Amino acid sequence: MHRCETAQCAIRLDDLGYEVAGRPVLDGVTLHSSARRIGVVGRNGSGKSTLARLLAGLIAPTRGQLRIGGRDVFRDRRAALETVGILFQNPEHQIIFPRVAEEIAFGPRQQGLDKVQTAARVESVLRSFDKLHWKDAPISALSQGQKHLVCMMAVLAMRPRLLILDEPYAGLDIPTRRQLARYLHRIETRLLHISHEPSDLESCDELFWLDRGRIVAQGAPAGLLPDFTAEMIRLGELDDIADLAG
Ligand SMILES: Nc1ncnc2c1ncn2[C@@H]1O[C@H](COP(=O)(O)OP(=O)(O)OP(=O)(O)O)[C@@H](O)[C@H]1O
């Protein structure tokens, strides 16, 4: 297990809470990890996407403390740009430019790099995925899996210390999933992968189970995923599905 007791631990959440209209969506989440591939598993409505948005500094916790690499990513937006990147489920929600190079250049420019530095960053990330020939390609001509890769390259061009993946395989067919999984496997950046699907998380180093806004278990996937799957099957066998949303 990758214990980290210091303030410098890669991800450190202490008694984190997030409420909407007085209702807790996340409640007392304490999570410390410096594992390289961190997983968060949880069923629909357990608070996973809210956790992803908090980790990316997009929303502020209503209680507790959140530090990524020792930094407060909500209050310090500049630190957030250097510290954490998030890959959204749908590339269409992320892509804003018509061509690949422009899309990848946006983040480094936001970080204050000049045009020459940015062009070097764009080339370097394209080269690392053997996609230099995509530079001037119109994004609209790319497949869904290729668009995911553009988004990933755009985030990686900012050189974040942590990349958050919120259900990255949702809605993808098998070839596209495999393609994206291959790209994810290649990257060196620390990953926090969020999913409701146990098979997505088998290769994580450390896993956290989120249920109704709380961490109910943590450990290695081999120990935790069978318990999670058994519980999901048990819940699925209950008649009143409405009760499940709790
Ligand atoms: N801004 C908001 N306003 C109202 N309700 C919210 C808000 N944000 C989250 N919630 C509620 O909090 C709960 C958790 O939502 P969240 O999207 O974080 O869960 P999730 O685990 O990602 O779910 P799913 O797997 O279905 O995407 C849900 O019941 C959701 O409706």
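A nonpolar core is a set of buried Ala, Val, Leu, Ile, Met, Phe, Trp, Tyr and Cys residues joined through C-beta atoms within 7 Å. In this predicted model, the largest such core has 63 residues. The model also holds an open sheet of three strands and a ligand with a shell of residues around it, to which helix α1 gives the most.

**Nonpolar core**
- Within the largest core, the residues with the most contacts are L55, V84, L87, M153, I164 and L192.
- Helix α5, which spans residues 144-156, contributes eight residues to this core, the most given by a helix.
- M153 touches I104, V125, L126 and F129 once its neighbours within four places in sequence are set aside.

**Sheet**
- The strand order is β2-β1-β4, and the pairing is antiparallel.
- Strands β2 (23-33) and β4 (63-68) lie at the edges, each pairing on one side only.
- From one strand to the next, the twist averages 25 degrees.
- Strand β1 (residues 11-20) is joined to β4 by five bridges, and the two run antiparallel.
- Opposite I11 stands I68 of β4.

**Ligand shell**
- Around the ligand are V20, V25, G42, N44, G45, S46, G47, K48, S49, T50 and H196.
- By class, the shell comprises eight polar residues, two nonpolar and one charged.
- Helix α1 (residues 48-55) supplies three residues to the shell.

Note on methods
Residues numbered from 1 in each chain as written. Predicted model: local features only at pLDDT ≥ 70, side-chain atom pairs only at ≥ 80, totals over all residues. Pairing = 2+ DSSP bridges. Helix = DSSP H or I, 4+ residues; strand = E, 2+ residues; numbered from the N terminus. Axes fitted to C-alpha atoms, helices over the stretch in contact; angles between N-to-C directions. Near = placed C-beta within 6 Å. Nonpolar A, V, L, I, M, F, W, Y, C, P; charged D, E, K, R; others polar. Buried ≥ 20, exposed ≤ 12 C-beta atoms within 10 Å, placed from the backbone. Contact = placed C-beta atoms within 7 Å.
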